[in-house]
Amino acid sequence: MGRVLRETLKPSTSSVSATTTSTSVTETVNGSHQFKITGYSLSKGSGIGKYIASDTFMVGGYLWAIYFYPDGKSPEDNAAYISLFIALASEGTDVRALFELTLLDQSGKERHKVHSHFGRTLESGPYTLKYRGSMGYKRFFKRTLLEQSDYLKDDCLSVHCSVGVVMSHTEGPKIFSIAVPPSNIGHHFGQLLESGKQTDVSFEVDGEFFPAHKLVLAARSPVFRAQLFGPMKDHNTKQIEVEDMEAPVFKALLHFIYWDSLPDMEELTGLTSKWASTLMSQHLLAAADRYGLDRLRLMCEANLCEVVAINTVATTLALAEQHHCFRLKAVCLKFVAMPENLRAVMQTDGFEYLKQSCPSVLTELLEYVARVNEHPVIVCRHGNEAILDGSDANGRRVKQRL
């Protein structure tokens with residue numbers, strides 16, 4: 001038989017000692033509750049030690065309640081004082097806490113009567129409460145003085161209670177962390193649209209056809225859901241004609257439904273001007289409102305707010321009015337009302353359209369103009385974009401069509 005070789009491991013003399021650290025953190029989780037006591041005079045005589053309880057409220061993961069004793073809590077005081085206590089209403093472990101009880105001055109002078117543990121040193125530390133245990137003041141206020149004070153108004157008292165639950169935890173260095181990638185569900189649905197697989201409905205828009213999936217459309221849009229699956233659904237749900245919409249706009253709408261993001265406007269329109277991008281956002285906002293896509297509508301609003309320009313602001317304002325985009329409307333009104341913009345906007349074709357389609361907006365515009373004359377108005381960033389006028393390279397007017 002062979003011999004077993006034993007190798008003795010010797011401790012390394014060059015080992016480096018590692019130092020680790022940790023920190024104990026003790027702090028309070030704070031919350032408050034206001035308790036209104038009506039019919040104070042009727043509560044008197046209920047008996048010493050009898051209390052009126054507030055509704056329970058949560059602070060630091062525990063339930064609490066305010067106890068008001070109209071005849072006091074202690075028999076030796078012979079109902080000469082009112083008593084106020086805060087009680088732990090949660091079962092389970094002991095809870096350490098600070099508290100503050102305030103009887104509110106109802107005269108408006110803010111001379112509140114406050115008893116507080118916050119902001120001062122406690123010799124024995126915070127109070128420890130068990131289930132239904134309470135802490136407070138037996139002689140919170142003398143009853144005869146209370147009834148002649150501003151704390152009592154219309155036979156009502158108002159009590160404000162703050163609770164700070166003491167919490168401790170230890171913080172140490174993170175040994176490892178796992179990076180979680182952002183959601184890519186939109187990418188997966190977008191690839192499904194681009195693949196064209198398993199489509200079960202086709203939309204004809206301005207001579208172009210767009211295949212899609214009924215369930216995806218129904219999940220994203222309440223209008224598509226009613227159109228494809230509702231009791232008033234179209235008779236032919238395999239091929240649907242969409243009227244009053246241009247093909248690039250519907251394509252952008254489908255892109256958002258599947259990808260949950262806006263498409264590249266320049267790539268979609270084949271144009272590089274910001275004016276074309278603005279026009280697409282206008283059309284897409286109307287489409288989003290038509291199909292109940294609120295997030296898409298807000299995204300279009302945000303885009304249009306950032307590209308407010310002389311030649312497009314009037315049509316954007318009309319669009320905001322027609323589709324109830326109140327924040328976008330306010331931005332447009334402020335922009336138009338500025339003295340350096342008003343005359344130029346009034347000379348655009350869009351302003352003529354605004355007058356015909358939304359005459360009521362003109363009244364609001366006059367109000368904004370009046371305000372501007374009194375106070376300067378700051379509007380959304382527009383910079384050099386105010387020169388975007390929808391003209392071609394030779395300065396000629398072009399039709400606003402995608």
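The charged end of Arg220 sits over the ring of Phe256, 5.1 Å from its centre. Such a placement requires NZ of Lys or CZ of Arg within 6 Å of the ring centre and within 35 degrees of the ring normal. This is a predicted model: local features need pLDDT of at least 70, side-chain atom pairs count only at pLDDT 80 or more, and totals for chains, interfaces and linings use all residues. Numbering runs from 1 along each chain as its sequence is written, and side-chain values use heavy atoms, leaving out hydrogens and water.

**Charge over ring**
- Lys73 lies over the face of Phe85, 4.1 Å from the ring centre.

**Aromatic pairs**
- The structure holds eleven aromatic pairs (ring centres of Phe, Tyr or Trp, its six-membered ring, within 6.5 Å; planes under 30 degrees apart are stacked, over 60 edge-to-face, the rest tilted).
- Phe210 and Phe250 form a tilted pair, 5.6 Å centre to centre with 55° between the planes.
- Phe210 is in strand E12 (residues 208-212) and Phe250 in helix H6 (residues 247-259), 40 residues apart.
- Phe210 counts as buried at 9% relative accessibility (buried: under 20% relative accessible area, 1.4 Å probe, protein chains only).
- Phe250 is buried too, at 0%.
- One aromatic cluster is formed by Phe203, Phe210, Phe224, Phe250 and Tyr291.

**Whole chain**
- The protein chain has 14 helices and 13 strands (DSSP runs: H or I, at least four residues; E, at least two).
- Of its 402 residues, 41% count as buried.
- Among contacts (heavy atoms within 4.5 Å) with a separation of 6 or more, 70% join residues 24 or more positions apart.

Technical notes. Buried means under 20% relative accessible area, exposed over 50%, partly exposed in between (1.4 Å probe, protein chains only).
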